[in-house]
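Let's take a walk through this one, a stop at a time. Have the viewer open and follow along.

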Amino acid sequence: MNRPIRRVAVLGAGVMGAGIAAHLANAGVEVLLLDIVPPNLTEAEKADPAARNRFSQGGYDKLLKSRPAAYSHPSRALLVSVGNFDDDLGKVRDVDLIIEAVVENLEIKQKLFARLEAQIGEHTLVASNTSGLRIAAMLEGRSESFKKRFMVIHFFNPPRYMKLLELVPGVETDPVAFARVRAFGQDVLGKGIVVAKDTTNFIGNRIGAHAMMAAIHQMLASGLTPEDVDSIVGTPMGRPKSAAFRTADMVGLDTFAHVADNCFKALTSDEDRGVFEVPAYIRTMIEKKQLGDKTKGGFYKKAGEGVLTLDPATGDYREKKTTKEVASFIKSLRGVEDLGERLRALVADTGPAGQFAWKVLARGLSYSARRIGEISDDVAAIDDAMRWGYNWELGPFETWDALGFAATVDRMLADGVSLPAGVVAMREKGVARWYREDGAVYDVKLGEYVARPKDPRTLPYKAVRKDAPLFENNGAVLYDIGDGAVALTLRSKMNTVDPETIEGFERALDIAESQYDAMVLFNEGDNFSLGANLGLVAMAAASGDFESIRSLAARFQASNQRVKYAKIPVVAAAHGMTLGGGLEMCLGADAVQAALETYAGLVEVGMGLIPGGGGCLNLLWRAFEGIAEGTQFDNYALVTQVFKNIALAKVATSAQEAKELGFFRHSDGVSFDKARLLHDAKKRALGLAGAGYHAPAPRAYKLPGENGIGTLKMMVLSLIQGGQATEHDGTVAMKLAEVLCGGLDGAVGPVSEARMLELEVEAFLSLCGTEKTQARMQHFLMTNKPLRN
């Protein structure tokens, strides 16, 4: 029962089933995707396998077109095969895990499980992706053996992007079987596992639906607008910008109402059951097919260049409308970066925004506290579920601590909010918070703090690094992260490159090469790096200070080249947006350990520039490095592909796609759980160091030269003539062509790296001197949008 899970069958090719299949394939798992045979087939179609597989094939085909992309790269679809329940159910005998994701109907599931029991192998595990049906009811009539191997595995949509995976064991589930699925979800799929109890909507949707419905009901009671509510319960509360009403539009009002209805119907003894009752105006919206994004209109509707809002009182769409006091107060919070400080300011406000925020928070926090023991015994699991499943920055109990535990309890009690006895007892004992600084969490049942199990792979950066930095300035900081490794972390806004970050690279390598075995480039925040500090470049260009631009570019080239030829291995831990200079850092590293959700590309052409930190050289050399010495090959074909990737500003939509585009090597690692990225990058760096690492030697290649430049020019001219590129796009593209072809004499003999860097910086400088490039940079800095001039 401890053997690994390598092959999985997914039963049901609808939105969730197909999405689960895609993410399994992303992780390299072979998937069998089955669905029913379509009803009402003609006699000819009944004998046609393609017709019989129409539903599963339809789910498969939709995955390839889905946006955001379900697959990390289209090639992953090759791991998924399709079939139907009548012809192919016997194939499940050869899989390790079956995930049932058919329609949420108890009778249908029961019948399917009865059929499965006669087909599955003795070690096959079975899990249902149900979001509300009870395990005991689904397993009625099943054998003891089947019950031991059964559990609920609840993915959140879309499965690739949402970290939360709720696992629910049944009374008879074998702990070994449960541990096997848990390890698979955590280690292979990169999910954050939360163990829930077998209750309606488990943890995430129970607390999440309550929070959204509380805000929706309170809006009417407070006389606010949907725009007011979304401005309050989004960023100010540390929740997604989509907040309540915009989130409902994204999810679909029919789906949202189904979750709420499920709670209202099943939770007959819930003391706050009324919150789940869907308001009449939302029922009307559903009847009118005003379901949100999927029907081009829900609470919000695009109209020309603007957005209209549905007025709950009239049912008609109107222009944007906000309450003046709410808008003014929310605006005052924009400069408050610390979430705890922002939350405290929000609930302290005596105006309509603060009163609304307090009412929905008090209702939500107290409701979460009353669910302890019912949906989970662990408050940390509830917090994890809301962070991973709803993208809250803080879960309800973390929010409680941020507001101040004692003050929040006192205010709730003064307002007549019902709190469980255990929470009141905490206050009476003088307990200061749910979470202690050492990570222990208060257990209400035991009446004491309990240490949380720690996965060494997901320890936060501050817990891994030594307290005192080895070097720091305003642009970067270097830490000892143990075992002979150091981590260099940028400190600039959006981890951009400026003179101080470059100094950080230089100093870090001085220290690392003399005292340590390996180095990791590890940046905090949502993104690895957005590249060079465009403001510095634009300002210098506008004032004609081209020498400072030359110095910045040359120093950045030199730092990336020094990383490339360092005496110790350097691994870049890429994640999020890894653009421009951010990717140039990765191209200089010996290896990349990237989070699955890494969006990498050299996008400088949008600013009227080309890569200026060695990106042209190192992306081209990367394309050449797999070619054996002495091989006769068409260097123009490789140059053209690199040219297209840069000139078209291609951005990979995953780490896997970055490999396929040549931005990363196929041997580079991918961390499915971003929380493990530092651990994985450190392991990779130390692995290289311990395996006889030696710095690479510089290389030189023969390039297409003048002939290649001429051929690329014809390609560019055709794009301009076809209206697909502007004249200035053409100017930028031809500068890029000159660099990638090694200049006019690139075909005469091997072109050195020094010559390539010289061509790159000269082209970069010449473009900085053009009015149109300067206009593009200024426009982007003011609007955050590219200018096509």
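This is a predicted model: local features need pLDDT of at least 70, side-chain atom pairs count only at pLDDT 80 or more; totals for chains, interfaces and linings use all residues.

Start at helix H23, which covers residues 499-515. With 17 residues, H23 spans 24 Å from its first C-alpha to its last, close to the 24 Å expected at 1.5 Å a residue.

Now step back to Val497, in the loop between strand E16 (485-490) and H23. Is Val497 buried or exposed? Its relative accessible area is 2%, and under 20% counts as buried, so Val497 is buried. Setting aside neighbours within four places in sequence, Val497 touches Ile502, Gly531, Ala532, Asn533, Phe556 and Met585.

For the last stop, jump to Tyr367, which is 130 residues from Val497 in sequence and 46 Å away in space, C-alpha to C-alpha. Helix H17 takes in residues 352-370, and its axis comes within 11 Å of the axis of helix H20 (residues 405-414). The two axes cross at roughly 100°, so H17 and H20 are roughly perpendicular to each other. On the H17 side, Trp358, Ala362, Leu365 and Ser366 meet Thr408, Arg411 and Met412 in H20. The residues of this contact split into 4 nonpolar, 2 polar and 1 charged.

Technical notes: Residues are numbered from 1 along each chain as its sequence is written. Side-chain values use heavy atoms; hydrogens and water are left out. Helices (H or I, at least four residues) and strands (E, at least two) are DSSP runs, numbered from the N terminus. The expected span of a helix is 1.5 Å times one less than its number of residues. Buried means under 20% relative accessible area, exposed over 50%, partly exposed in between (1.4 Å probe, protein chains only). Contact means heavy atoms within 4.5 Å. Axes are lines fitted to C-alpha atoms, for helices over the stretch in contact, and angles run from 0 to 180 degrees between N-to-C directions. Angles under 35 degrees count as roughly parallel, over 145 as roughly antiparallel, 65 to 115 as roughly perpendicular and the rest as oblique. Ala, Val, Leu, Ile, Met, Phe, Trp, Tyr, Cys and Pro count as nonpolar, Asp, Glu, Lys and Arg as charged, and the others, Gly among them, as polar.
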